[in-house]
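Subject: Structure handover

Hello,

Here is the structure you were expecting. Please open it first, then read my notes below.

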Amino acid sequence: MPTQSGDPPEPPDLASERLRAMSARVGELERENARLRRGIFEPSLPHVVSAPANLQPLFDQAELRMRELFSRIEIDPARALIGIDDERYVLVRASAFSIDLLDTLVQLYADRGEREALAIARGFLFDIAHTIGLHDARRIHDKLGGGDAVEKLTGGPIHFAYTGWSFVSIKEESELVPDENFCLIYEHPYSFEAASFLHEGRTSQWPVCIMGAGYSSGWCEASFGVELTALEVHCRACGDESCTFVMAPPEKVALHARRHFGVDRERYAQKGCDVPTYFERKRAEEEVRRSLVQLKEAQDELVRKERLATVGLLVSGVAHEVNTPLGVAVTASSVIREELHALRAKFESNALNKRDLRKFIERAGAAEELVNANLARAAEQITKFKRVSLDHVSEEQRAVALDVYVAELIESLAPIIGKGPLAVQLVSRGELQRVTHPGAIAQILTNFLTNSALHAKREDGRAITVQIALHGAADQVLLTYQDDGRGMDASTQKRAFEPFFTTSRGSGGTGLGLHIVHSLVCDVLRGRIELSSKPGEGVLYRVTFPAPRNAQPLNSGA
Ligand SMILES: [Zn+2]
């Protein structure tokens with residue numbers, strides 16, 4: 001090798017390293033060059049939007065900015081990347097996004113019937129595309145600078161064309177104003193949805209470009225700040241020459257469709273192709289949910305009132321129970337007063353003898369005993385009432401002797417029992433000192449007895465026999481309630497625990513009694529209830545609930 005002057009020669013491995021790097025860079029530049037030569041976004045016509053003459057210059061400006069933006073596209077499968085600046089895009093097969101998605105949704109909702117299934121599926125597609133249109137518009141407005149509403153609109157059809165959705169041709173009749181008079185009449189000659197249908201050799205009875213309608217109305221909604229929807233009135237998938245749309249505020253679309261195209265909205269709606277409204281279903285569902293919450297609140301309020309009404313009933317019951325002993329006490333005390341008066345008169349006139357005095361002591365003593373005994377009875381009734389009525393309004397858990405408690409409850413419900421009339425028997429077996437919710441049990445039995453008294457009346461007018469049985473075993477209590485009244489047929493039985501179900505609305509039934517029973521058994525006692533009945537053979541309720549035994553001995557009912 002000849003010797004070179006100047007710089008000393010590079011070591012051979014460093015030179016070949018540089019060579020490798022340079023040829024790699026050349027390869028990169030060649031690929032880049034090839035990509036640029038292909039001209040990824042090179043329109044074959046001068047315009048990608050057709051607009052009325054007065055608007056065309058605005059669209060031309062927007063087109064220049066959009067072309068500049070899309071010229072920065074970077075496509076690199078090695079990084080799964082399709083991107084412009086820092087924004088990523090995805091390439092989706094058009095028929096997956098139109099036909100396949102629509103068909104799948106229609107099948108998914110097939111149980112709702114053909115018309116409803118199609119309406120739901122179209123609703124989904126519209127909402128998805130409308131959402132994409134809204135957000136694309138906001139992002140591109142930020143990127144390209146906003147301007148007024150019409151300027152904001154101009155980017156839409158161009159972005160639409162660049163992303164493969166459709167070419168847009170805006171018609172002269174359009175009224176581009178940012179209020180309820182907004183009306184856009186436009187065509188999509190190359191809609192990806194219609195094209196997908198035609199490509200698969202399918203035709204449709206109804207317009208299929210629902211996503212095109214959704215996207216464009218979403219974009220315009222973001223540009224004009226007016227709620228907008230779009231209705232496709234002609235579609236290539238139906239054999240029409242072009243896909244034609246009317247866009248306007250939801251309440252005005254049908255009007256414009258009739259005015260400009262003589263299209264009857266009713267005819268569309270019958271096929272499941274009503275004017276699409278953004279998230280209409282969601283809104284409708286939200287409304288249903290809200291009214292259900294209100295209904296539940298009203299129901300809870302009624303249940304609370306019903307329980308307080310029972311307390312009122314107990315008040316009249318206790319008044320009845322307390323009346324008799326108080327009456328006796330009053331009579332006995334007036335006897336004492338009369339005897340005392342007679343005694344005083346004899347004493348004043350010096351006519352009092354030993355026999356009179358003995359007689360007074362005997363009579364006054366007997367009367368005083370009566371007063372005492374009857375006042376004690378009244379006091380006892382009041383105490384019981386206090387206990388039961390407190391239990392009625394509270395759901396607290398406490399230790400209770402269930403047999404004694406239920407016996408006292410039956411006593412306090414004399415007004416209901418008398419109304420039936422009911423002949424009530426109480427039977428108890430097993431260990432009944434339990435820790436449980438006596439208020440719930442009192443309310444359950446009150447409602448059973450009220451039902452027997454009000455609804456079970458027999459045709460022969462004979463008193464209805466009621467048997468209440470309590471059976472304590474292990475950590476469970478079984479409460480059965482049986483009457484021999486009119487009973488229920490199968491359909492009444494099936495609905496007996498539903499709120500507001502009653503067979504006697506006219507005669508004062510609220511239809512809440514058994515519903516309250518059911519919720520007390522399940523939610524408060526954490527037990528279960530079974531009902532069996534036949535017409536003419538009375539009813540039998542079996543309530544089973546967990547209630548641990550109470551080790552501490554109790555005073556009666558307390
Ligand atoms: Zn179409």
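Two strands count as paired if DSSP finds at least two bridges between them. Helices (H or I, at least four residues) and strands (E, at least two) are DSSP runs, numbered from the N terminus.

Two points on sources. Residue numbers start from 1 along each chain, as its sequence is written. The model is predicted: local features need pLDDT of at least 70, side-chain atom pairs count only at pLDDT 80 or more, and totals for chains, interfaces and linings use all residues.

**Overview**

The chain has 16 helices and 15 strands. Of its 558 residues, 32% count as buried. Buried means 20 or more other C-beta atoms within 10 Å of the residue's own; exposed means 12 or fewer, and partly exposed lies in between, with C-beta atoms placed from the backbone. Residues are in contact if their C-beta atoms, placed from the backbone, lie within 7 Å. Among contacts between residues at least 6 apart in sequence, 68% join residues at least 24 apart.

**The sheet with S5 and S6**

Five strands form an open sheet, ordered S1-S5-S6-S8-S7, with mixed pairing. Strand S5 (residues 168–170) pairs with strand S6 (residues 184–188) in the antiparallel sense, over two bridges. There, Ser-169 stands opposite Glu-187 in S6. Helix H8 (residues 253–261) lies across S6, S7 and strand S8 (243–248). H8 runs at about 135 degrees to S8. Angles run from 0 to 180 degrees between N-to-C directions; axes are lines fitted to C-alpha atoms, for helices over the stretch in contact.

**The sheet with S10 and S12**

Another open sheet of five strands has the order S10-S12-S13-S15-S14, again with mixed pairing. S10 and strand S14 (528–533) are at the edges with a single partner strand each, so one side of each has no neighbour in the sheet. The twist averages 10 degrees from one strand to the next. S10 and strand S12 (residues 464–473) run parallel, joined by nine bridges. Ala-423 stands opposite Thr-465 in S12. Helix H12 (residues 402–412) packs on this sheet and touches S10, S12 and strand S13 (476–483). The direction of H12 makes about 175 degrees with that of S10. Helix H16 (residues 513–524) also packs on the sheet, touching S14 and strand S15 (539–546), at about 140 degrees to the direction of S14.

Leu-426 sits in strand S10 (residues 422–430). Is Leu-426 buried or partly exposed? Leu-426 is partly exposed, because 15 other C-beta atoms lie within 10 Å. Leaving aside neighbours within four places in sequence, Leu-426 is in contact with Val-406, Ala-407, Ile-410 and Ile-468.

**Cores**

A nonpolar core is a set of buried Ala, Val, Leu, Ile, Met, Phe, Trp, Tyr and Cys residues joined through C-beta atoms within 7 Å. The largest has 57 residues. Among those with the most contacts inside it are Ile-158, Leu-184 and Phe-245. Phe-245 is in contact with residues including Tyr-186, Ala-213 and Leu-231, its neighbours within four places in sequence left aside. Apart from that core lies another, of 43 residues, among them Ala-401, Ile-416, Leu-520 and Phe-545.

**Helix pair**

The axes of H4 (residues 114–144) and H7 (residues 210–224) come within 6 Å and cross at roughly 35 degrees.

Best wishes

Terms used:
Two residues are in contact if their C-beta atoms, placed from the backbone, lie within 7 Å.
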